Amino acid sequence: MRTPEKAAQEKASLLGINDSFKKVVLVRDVVKPLRDERGVVTMSVFDFLLDENNLAGI
């Protein structure tokens with residue numbers, strides 16, 4: 001994501017949900033999958049769609 005403000009905006013709705021499901025933000029850019037301190041994973045939509053084990057190691 002281009003700016004920290006945009007990242008916070010995208011994650012805000014996920015952080016308001018208190019459940020045990022994985023929280024994933026998909027981006028159009030090619031980025032290395034990253035899990036933040038709150039457990040939200042940011043990854044490329046291409047990796048998400050093309051790699052069947054995309055969330056296994058994250």
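Author: Lys6 is partly exposed, with a relative accessible area of 35% (buried means under 20%, exposed over 50%, partly exposed in between, with a 1.4 Å probe and protein chains only). This is a predicted model, in which local features need pLDDT of at least 70 and side-chain atom pairs count only at pLDDT 80 or more, while totals for chains, interfaces and linings use all residues. Residues are numbered from 1 along each chain as its sequence is written, and side-chain values use heavy atoms, leaving out hydrogens and water.

Lys6 forms a salt bridge with Glu10, and their closest N and O atoms are 3.0 Å apart. A salt bridge here is a side-chain nitrogen of Lys or Arg within 4 Å of a carboxyl oxygen of Asp or Glu; by this rule the count comes to three. Glu10 is partly exposed too, at 34%.

Lys11 forms a salt bridge with Asp36, the closest N and O atoms being 3.1 Å apart. Lys11 lies in helix α1 and Asp36 in the loop between β2 and β3, so this pair ties together parts that are 25 residues apart in sequence. Lys11 is buried at 16%, and Asp36 is buried at 17%.

Asp19 and Lys23 meet through their side chains in a salt bridge of 2.3 Å, N to O. Asp19 is partly exposed at 35%, whereas Lys23 is buried at 12%.

How values were computed. Helices (H or I, at least four residues) and strands (E, at least two) are DSSP runs, numbered from the N terminus.
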